[in-house]
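Please look through the sequence and the model shown here. The report that follows takes up its helices, strands and core in turn.

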Amino acid sequence: MQQKESLSSKLHIARDRLDEAGVHWTVFAGAAAYCYGSERRVTDVDILVRAVDLEKAKDALKDIEGFDVVADLKINVNEEICLFFMDNEMEAKIQRRRLLDVEIPVIPIEDNIVFKAILQRTEKQGKHDIEDIQCMMKNEKIDIKYLKRRIIKYHAEKRVKPLLQRLRIL
């Protein structure tokens, strides 16, 4: 595949390959934030899959640049381990949204908020996690009960709750 191909055309190919392979997948992180209202340019696409589909997904996308496929993350922030994964509850709330003119499955906004709140990366790190949370909040309705369940499920209470309280989400 030529590097000149646009991210949009790569996304079409990635979607078709993942769907043909029977992979349960969803877009998350910055690309999902864009789908929920962030206006920052999408430069790559992060894809979350179930652990059983990880190798199949990586194989399907092995020759396409700009895609990062992960499953069952263990995120170590300040000696605290938070989890992030796809399960049945998340999968039931996945939405179909348009990204770069391609309809794709997008992680529930609440899960993306928790992910960004776990990381809390700043512009110094080339990221905009808190800004993304604020943009997503302006444009979408949040299911607070689901959000609270996900925070607990990801073992992220200590890391996430203070930020979300400061942002007046909780």
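## Helix H8 and its two sides

In this predicted model, the buried residues of helix H8 (residues 157-166) are Arg-159, Val-160, Leu-163 and Leu-164. Because these residues cover an arc of only 100° around the axis, they lie on the same side of H8. An α-helix has 3.6 residues a turn, so residues three or four places apart point the same way. Lys-158 and Arg-166, on the other side of H8, are exposed.

The buried residues of H8 pack against two strands, E4 and E5, and against helices H5, H6 and H7. Beyond the helix, H8 is followed by Arg-168, which has a positive phi near 60°.

## Packing of H7 with H8

Two packed helices are described by the angle between their axes and the distance between the axes. For helix H7 (residues 144-153) and H8, the angle is about 145° and the axes are 9 Å apart. On the H7 side the contact is made by Leu-147, Ile-151 and Ile-152, which meet Glu-157, Val-160, Lys-161 and Leu-164 of H8. Sorted by class, this contact of H7 with H8 contains 5 nonpolar and 2 charged residues, and no polar ones. Val-160 and Leu-164, which take part in this contact, are also among the buried residues of H8.

## Helix H6

In helix H6 (residues 129-139), the buried residues are Asp-129, Asp-132, Ile-133, Cys-135 and Met-136. They are on the same side of H6, because the arc that they cover around the axis is only 165°. The buried residues of H6 pack against helix H2 (30-35), and also against H5 and H8.

Strand E2 (45-49) is mostly covered, with 5 of its 5 residues buried. Val-45, Ile-47 and Val-49 point one way from E2, whereas Asp-46 and Leu-48 point the other way, and all of them are buried.

E2 pairs with strand E1 (residues 25-28) in the antiparallel sense, over 4 bridges, and Val-49 in E2 is the bridge partner of Trp-25. With strand E3 (residues 67-70), by contrast, E2 pairs in the parallel sense, again over 4 bridges; here Ile-47 has Val-69 in E3 as its bridge partner.

The loop between H2 and E2 contains Arg-41, which counts as exposed because its relative accessibility is 69%, above the 50% cut-off. Although Arg-41 and Gly-30 are 11 residues apart along the chain, their C-alpha atoms are separated by 9.0 Å.

## The hairpin of E4 and E5

Strand E4 (residues 73-77) and strand E5 (residues 80-84) run antiparallel and are joined by 5 bridges, with Ile-75 standing opposite Cys-82 in E5. The hairpin has 2 residues between the strands, and Asn-78 takes a positive phi near 55°.

## The largest nonpolar core

In soluble globular proteins, nonpolar side chains tend to be buried together. The largest nonpolar core of this model has 60 residues, of which Val-45, Ile-47, Val-49, Phe-67, Phe-84, Leu-99 and Ile-104 touch the most other members. Helix H5 (residues 109-119) gives the most to this core, contributing 7 residues.

Which residues does Val-45 touch, leaving aside those up to four places away in sequence? They are Leu-7, Leu-11, Val-27, Ala-31, Gly-66, Phe-67, Asp-68 and Leu-99. Two residues in that list, Phe-67 and Leu-99, are named with Val-45 among the core residues that touch the most other members.

How values were computed:
Residues are numbered from 1 along each chain as its sequence is written. This is a predicted model: local features need pLDDT of at least 70, side-chain atom pairs count only at pLDDT 80 or more; totals for chains, interfaces and linings use all residues. Side-chain values use heavy atoms; hydrogens and water are left out. Two strands pair if DSSP finds at least two bridges between them. Axes are lines fitted to C-alpha atoms, for helices over the stretch in contact, and angles run from 0 to 180 degrees between N-to-C directions. Contact means heavy atoms within 4.5 Å. Ala, Val, Leu, Ile, Met, Phe, Trp, Tyr, Cys and Pro count as nonpolar, Asp, Glu, Lys and Arg as charged, and the others, Gly among them, as polar. A nonpolar core is a set of buried Ala, Val, Leu, Ile, Met, Phe, Trp, Tyr and Cys residues joined through side-chain atoms within 4.5 Å. Buried means under 20% relative accessible area, exposed over 50%, partly exposed in between (1.4 Å probe, protein chains only). The arc is that of the directions from the helix axis to the C-beta atoms.
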